[in-house]
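Visitor: Please take a close look at the contact between the chains, and then at the nonpolar cores.

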Amino acid sequence: MKYDYLVIGAGISGLSSALLLARFGFKVAVVEQAVRPAPLIEGFVRNNVYFETGFHYAGGLEDGGVLDRNLRFLGIAGHLQKVAFDPLAYDTVVQPESGFKFSFPQGYEALGDVLRERFPTQRQAVGEYFERLQLVTRKLPYYHYHSQGALLSSGLSLLHDQNLAQVLDELAITGELRTLLQVHCLLHGSLPSEVPFAIHAGVVDGYYRSAHTFKGGGRALVTALVTVLNQCGVDFFCRHRVEEIELTAAGAIDGIRCTNGVRMQASGCLATLHPQALLKLLPDSVFRPVYRRRLAALEESPGAEIVFLRCERKRGSTLGVRCERQRGSTLGARSLQAHKFGGRNFFFLPGPGPGKGIFDLEIPLSERLLYLNFSGVGGSGGSDASDSDWEGGVTAILPAPYYESGRTVVSSAKYADEKRRTGELVRERIVSLLPELELGLEVECVATSKTLKRINASTRGSLYGVKHKVGQFNPAAKTRLAGLFLAGQATAAPGLLGAVTSALMAVGGIVGHDRVEALRGDI
Amino acid sequence: MTDAEIISLVNDSLVEEFELENSAMVSEAEIFDDLGLDSLDIVDMVVVLEGSLGIKIRDDEGLREIRTLGDIHRFILQKKRETEAAS
């Protein structure tokens, strides 16, 4: 069997790329080292509770929103049921030390209203900031219709113009308002002083419009993609780790060779792995030294400790997660209301002292940035529980140091003990912050940067792989090797939207952006 | 640095990073046709020039008009003067 394209990596970027390539008539196979596709996104079930791993919520899923349209284009929207996060408080930001608390309502208008009311002296800046956010997304490729922005030409001006902090400075946005507009840096893993404003805008614009998950969570997303890929005749090879992209004597792509000895022939490859891992698959002579050095020097987003907690009702508990559903909108979207935690996120910020940045690892775990995701609670997202069931998985994420492969080998018993202590510490902290949870919250398990390194296939164990940073030039979809294209969060942006966008950019590079846009315009 | 020193530094950096021949580094050399660079190399060229000269290069008109090695030299000298004037 000879394929037109082999897609290396079955994450969201790889699966989306394979789907798009199949739509354009190519014979495609996906090659993945893990046991099943999308191990980062598919979540896991323990003791009958589903835990969300890499997919916590998504922006731009409202009808006609950027992600909604792209999922329709991929042909998977019909396989997914959207579940809206809390319309009045999808993200709640708390600074325990100062008592500061703010909840983000869904939609620019509602958010603008509450921000202007809360920060009357910065009313005008709020409006100007929102305008700039929306304006810069017009330049992002595949964000709006026919918006082939500067990214596709060279990417220099747009991404290396201003960072988020500079824009906030220009608008004289300070204090707690600034904190709120920076908090979503956790969704891309770069600091306000690093992240290109355009990338930050591309990530947060969708969330400011709407926040959703899917019924069945990240697992449902993977199932939908695999279902449609099977219908399109795309082949899957899991448990196949690519060791080499093989070239002909003339230097053209011939196929791949896996560590298990399996060879597959293809005239093209679409690689979605970490850019630094890509370098190991090809002879040095393929890329210029300067390009190899550029990829080797790319900085990573932060590492993390991730604690999975089981949230359940116990007799006498005050944890009331009552759901009122609104049915009937298109695509079966439902919204959850009038519950305490289900369909919500919490961001607990480090104290306001100097130097206490959101990714500051000098801060002890007991005070470090803590993100809590309740998308699976109350039958909202990942939980398959019935509507009356209050059980669900809670995910807590804290920035943490990388896992360095050179570090002293720690015995498995000691590692397990470290994880147990982290889990207990984080549980105690959550209970002290949200006392209603005390009787119904148990640690299920803990993941670390070491886990991320394995599941995420990132070189050091980071949340998002390569960082997006002004002055750091991440690789483009096209490479010097004819037939080799790159996709993945590094080439576009993190998150579900970033992954799908990277697939559009790569496949657009292969078949022509005009053809992709023409087809996408028909949706 | 004198203009000649800057030009020499630019040429040396490009020769080393893009594996070019010293003899090909004449001002009238077309960067795509004669030096064998392509549009994909532009980002790396910017990285190299920024790194060796301590300047910031953005996607401005000047960059897009570059066709020959001499254009690169003129562009860099201009940038260098702007940077010095600003500081």
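Guide: Two residues are taken to be in contact if their C-beta atoms, placed from the backbone, lie within 7 Å. The model is predicted, so local features need pLDDT of at least 70 and side-chain atom pairs count only at pLDDT 80 or more, while totals for chains, interfaces and linings use all residues. Residues are numbered from 1 along each chain as its sequence is written, and chains are lettered from A and ligands numbered from 1 in the order in which they are written.

The contact draws 15 residues from chain A and 12 residues from chain B. On the side of chain A that touches chain B, helix 6 (156–159) and helix 12 (289–296) of chain A each supply at least two residues; helices here are DSSP runs of H or I, at least four residues, numbered from the N terminus. Helix 12 of chain A gives the most to this side, with four residues. By class, the side of chain A that touches chain B holds seven nonpolar, three polar and five charged residues (nonpolar: Ala, Val, Leu, Ile, Met, Phe, Trp, Tyr, Cys and Pro; charged: Asp, Glu, Lys and Arg; polar: the others, Gly among them).

A nonpolar core is a set of buried Ala, Val, Leu, Ile, Met, Phe, Trp, Tyr and Cys residues joined through C-beta atoms within 7 Å, buried meaning that 20 or more other C-beta atoms lie within 10 Å of the residue's own. The largest nonpolar core has 144 residues, and those touching the most other members include A:L225 and A:C269. Helix 15 (residues 495–511) of chain A gives the most to this core, with 10 residues. Leaving aside neighbours within four places in sequence, A:L225 is in contact with A:L15, A:L19 and A:I76.

Methods: Buried ≥ 20, exposed ≤ 12 C-beta atoms within 10 Å, placed from the backbone.
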